[in-house]
Amino acid sequence: MADTISLLDIRDAGARLAGIAHHTPVVTSRTLNGLAGCQVFLKCENLQRGGAFKFRGAYNAISRLVHEAVYSAQGTGNTNGVIAFSSGNHAQGVALAAQLLGIPAVICMPNDAPAVKVAATRGYGAEIIFYNRYTDDRDAFTGAIAAERNLALIPPYDHPHIMAGAGTATLELLEEHPELDAILAPIGGGGLMSGTAIAAHGIRSTIRVFGVEPADADDTARSLHAGERIRIAPPQTIADGLRITMPGTLTFPVIQQHVEQILIVSDDEIREAMRFALVRLKLVVEPSAATVLAALLNQRHPSDLRSIGVILSGGNIDPDVMMSLW
């Protein structure tokens with residue numbers, strides 16, 4: 001099966017994002033290297049605009065909508081703005097991208113979304129409509145509003161332009177550190193993971209690619225084991241950005257083909273990784289981003305790896321969660 005996106009698509013997204021998205025820094029730590037047993041290079045997307053890698057895909061998709069009219073809710077290219085569903089980071093990415101491009105944005109957020117992410121999304125000028133993640137059908141809820149208002153849906157992960165935009169973080173990382181043995185990224189719906197994998201293997205086919213999931217949100221690991229997409233109950237993990245119940249229809253085949261293994265971490269390990277990032281690395285990372293650090297600190301990765309590139313996906317942590325760490 002051919003991949004949904006190619007390295008060329010990711011390079012094109014990179015050109016579209018040039019001068020718009022931050023070229024985030026790559027950070028190293030001798031302490032982390034010692035604990036992980038290898039050299040670790042952290043791509044700090046927690047310092048990206050909107051506080052997460054999500055801005056990359058959102059801007060790539062919305063800028064195409066605005067300048068090329070490539071898709072809309074009705075497929076006509078005519079739209080009154082954009083709509084998205086998200087627990088936070090995609091919401092902020094879409095809201096900021098829409099603001100920069102001068103179009104309205106409506107964001108459907110679960111009513112238990114972190115308050116800091118809700119406030120930031122409003123701060124970028126988006127209208128927020130809440131739904132109950134446990135009783136409402138998110139897709140139907142969002143789709144009804146999109147149809148009523150003629151809004152173009154910007155999905156959080158299951159779209160080629162979103163996937164390609166997400167892959168630009170790895171493109172930058174490998175341009176800076178082409179010698180890496182492996183890339184490690186968290187998995188929610190799979191947009192970041194699929195973009196990461198295509199970028200890595202497009203540049204060098206021998207790079208090993210690993211994903212990380214919380215134990216309570218292991219839908220991708222279960223799906224890979226079953227050989228098909230498996231739906232799980234709504235997860236309760238602290239990693240709110242990874243509370244996905246099933247891998248994406250476009251992202252899962254890419255993950256099947258390109259990802260060697262899914263590493264599983266517990267919520268307690270995620271909390272400890274967040275504390276480590278704050279105290280030792282001087283980095284604020286949200287729980288979803290801390291999953292990759294948790295995997296490294298607990299040496300879930302293969303012991304023969306010498307150098308690993310890590311996508312720290314975001315830094316939008318709820319103050320209440322921050323306080324709970326201590």
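This is a predicted model: local features need pLDDT of at least 70, side-chain atom pairs count only at pLDDT 80 or more; totals for chains, interfaces and linings use all residues.
## A buried helix

Helix H4 covers residues 89-101 and has 13 residues. From its first C-alpha to its last it reaches 18 Å, which is close to the 18 Å expected at 1.5 Å a residue. Of the 13 residues of H4, 11 are buried, so the helix is largely enclosed by the rest of the structure. Just after H4 comes Gly 102, which takes a positive phi of about 75°.

## Two crossing helices

Two packed helices are described by the angle between their axes and the distance between the axes. For helix H1 (residues 7-17) and helix H7 (residues 160-176), the axes come within 8 Å and cross at roughly 90°. An angle of 65 to 115 degrees counts as roughly perpendicular, and H1 and H7 are therefore roughly perpendicular to each other.

On the H1 side, the residues that meet H7 include Leu 7, Ile 10, Arg 11 and Leu 17, while on the H7 side Ala 164, Thr 168, Leu 171 and Glu 175 are among those that meet H1. Sorted by class, this contact of H1 with H7 has six nonpolar, four polar and three charged residues.

## An open sheet and its helices

Four strands form an open sheet in the order E5-E4-E3-E6, with parallel pairing. Strand E5 (127-131) and strand E6 (152-153) stand at the edges, and each has a single partner strand, so one side of each is left without a neighbour in the sheet. Strand E4 (residues 105-110) runs parallel to E5 and is joined to it by five bridges; Cys 108, for example, has Ile 129 in E5 as its bridge partner.

Helix H5 (residues 115-123) packs on this sheet, where it touches E4 and E5, and its direction makes about 145° with that of E5. Helix H6 (residues 138-149) also packs on the sheet, touching strand E3 (82-85), E4, E5 and E6, and its direction makes about 140° with that of E5.

## Two loop residues with positive phi

Asn 150 is a residue other than glycine with a positive phi, near 60°, and its place is in the loop between H6 and E6. With a relative accessible area of 23%, Asn 150 is partly exposed.

Lys 282, which is not a glycine, has a positive phi of about 60° and lies in the loop between helix H11 (267-281) and helix H12 (287-297). Its relative accessible area is 65%, and Lys 282 is exposed.

Notes:
Residues are numbered from 1 along each chain as its sequence is written. Side-chain values use heavy atoms; hydrogens and water are left out. The expected span of a helix is 1.5 Å times one less than its number of residues. Buried means under 20% relative accessible area, exposed over 50%, partly exposed in between (1.4 Å probe, protein chains only). Axes are lines fitted to C-alpha atoms, for helices over the stretch in contact, and angles run from 0 to 180 degrees between N-to-C directions. Angles under 35 degrees count as roughly parallel, over 145 as roughly antiparallel, 65 to 115 as roughly perpendicular and the rest as oblique. Contact means heavy atoms within 4.5 Å. Ala, Val, Leu, Ile, Met, Phe, Trp, Tyr, Cys and Pro count as nonpolar, Asp, Glu, Lys and Arg as charged, and the others, Gly among them, as polar. Two strands pair if DSSP finds at least two bridges between them.
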